[in-house]
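The sequence and structure are shown first.

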Amino acid sequence: MPLLSHRMSLIIPSPTLVITARATALKAEGRDIIDMSIGEPDFDTPQFIKDAATQALKDGKTKYTAIAGTLALRTAIAQKFQRENGVTYAPDDIIVSTGAKQVLFNAFLATLDPGDEVIIPAPYWVSYPDIATFVEGTPVIIPCSEKENFKLSPAALAAAITPRTKWLVLNSPNNPTGMVYTRPELEALASVLRQHPSVYILSDDIYEHLVYDGLKCTTLAQVAPDLQPRILMVNGVSKSYAMTGWRIGYGAGPQELIKAMTIIQSQSTSNASSVSQEAARAALEGSQEFMKEWVAVYEERRDIALALLNAIPGLSCLKPHGAFYLYPTCQGLLGKITPTGTLLTADTDVATYLLDTAEVAIVPGVAFGHSPSFRLSYALHTDLVREGCQRIAHALEALR
Ligand code: PMP
Ligand code: GLU
């Protein structure tokens, strides 16, 4: 009998994390790698948040908490939804988990029977299809072209819905494209969803604060309050508050679903870290002023990287209005030959060439279900963003 279960054949290691681990290992060997692969803010967690964690330790908040998270944190989350999104939730409609990734895992595990379908617009964040597959659901990938700004159209959504559709995954601002759905675009999707009352919507808004050009992020529940009973809001503190390592994510939705997710969590991890929960509470309840500064810095980096990449023959990149990624198309590089004689036939070849030659780590588009492209994160120091793009330009100039 094999050691590993059949389930293990259904997932691969998260490609973003694998590439980052590779970049980190190369750095440890002394290579001068610029890591533009991981979606992780370079900013430090603000001091007032760290202070709240220190205080939690001093106060002995070092024990198990309620499975779904402390009432104090769930209250802060409910207030956040009201204040920022105009959507009403009670603490009992909310679960706190070990990262938004665990919220997603809990949700799919709680709802998908074999063959139940999850509609995922591509390009998508790497983990959606794998988590759905792992729990024996069926991802239904809808390709969204560059011409459509990588966004899901109402017609494509309507065409993809079947009697087996359980979920639609919406992620705005989007990882990996940085695209942000406008209010009219969400309203148009809502019109389709109203005709299909058995479809639930997973709205992953984890990048909601990271929007540029004076825009404000809108979420589906805000434009279509009638759909709220069918929406699972997924969010977390990793990106907006530079708290990736604290591992706090949260979900809000129908109580039946939140209860089921809580049962699963009671048998897997119990509760998210008590100290991290106190830190997340401080993050949500404290002044949000620091974020304006961060957003201005990200916006400047986006502009620098976008200009440098779009000046490179063979690359073209849409201007994203959110998150901290660029997603250039690299069709123009395929068929070219590297100085050492390798033919570039896919975006994975481009990624390998850039890592080996430019010492810049990026993630090939194939990981996000849309090729040939790559994802570049600009959540690193502005000087490194500039240098990384210059290195890419230099390496690509050498292609024949
Ligand atoms: N959703 C999206 C779109 C993401 O990019 C990420 C990446 N971290 C997550 C969810 C999960 O975040 P975390 O588990 O750190 O809360
Ligand atoms: N979400 C981040 C990324 O896309 C972190 C890595 C991961 O969780 O896959 O880079």
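## Burial and surface

Of the 400 residues in the chain, 56% are buried. The model is a predicted one. The chain has an accessible surface of about 16,400 Å², and carbon and sulfur atoms account for 57% of that area.

## Overall build

The chain contains 13 helices and 12 strands. Its radius of gyration is 21 Å, close to the 21 Å that the globule rule gives for 400 residues, so the chain is as compact as a globular protein of that length. Along the principal axes, the C-alpha atoms fill a box of roughly 60 × 55 × 55 Å.

Contacts can also be sorted by separation in sequence. Among those between residues at least 6 apart, 74% join residues at least 24 apart.

## The largest cavity

Two cavities of 30 Å³ or more are present in the structure. Strands β3 (117-122) and β5 (165-171) each contribute at least two residues to its lining. Among the lining residues are Ile120, Pro121, Tyr124, Phe150, Val169 and Asn174. By class, the lining of this cavity has 10 nonpolar residues, two polar and no charged.

## The second largest cavity

The second largest cavity holds about 60 Å³. Its lining includes Ser172, Leu186, Ser203, Asp205, Thr218 and Leu220. Four residues of this lining are nonpolar, five are polar and one is charged.

Note on methods
Residues are numbered from 1 along each chain as its sequence is written. Chains are lettered from A and ligands numbered from 1 in the order in which they are written. This is a predicted model: local features need pLDDT of at least 70, side-chain atom pairs count only at pLDDT 80 or more; totals for chains, interfaces and linings use all residues. Side-chain values use heavy atoms; hydrogens and water are left out. On a 1 Å grid over the protein atoms alone, a cavity is a set of points where a 1.4 Å probe fits but cannot get out, and a pocket is an open set with protein on both sides within 12 Å along at least five of seven lines; lining residues have an atom within 4 Å of a point. Grid points are joined across faces, edges and corners, and a volume is the space filled by probe spheres set on the points. Helices (H or I, at least four residues) and strands (E, at least two) are DSSP runs, numbered from the N terminus. Ala, Val, Leu, Ile, Met, Phe, Trp, Tyr, Cys and Pro count as nonpolar, Asp, Glu, Lys and Arg as charged, and the others, Gly among them, as polar. The radius of gyration is taken over C-alpha atoms; the globule rule is 2.2 Å times the number of residues to the power 0.38. Buried means under 20% relative accessible area, exposed over 50%, partly exposed in between (1.4 Å probe, protein chains only). Contact means heavy atoms within 4.5 Å. Accessible areas come from the Shrake-Rupley method with a 1.4 Å probe; for residues, only the protein chains shown count as cover.
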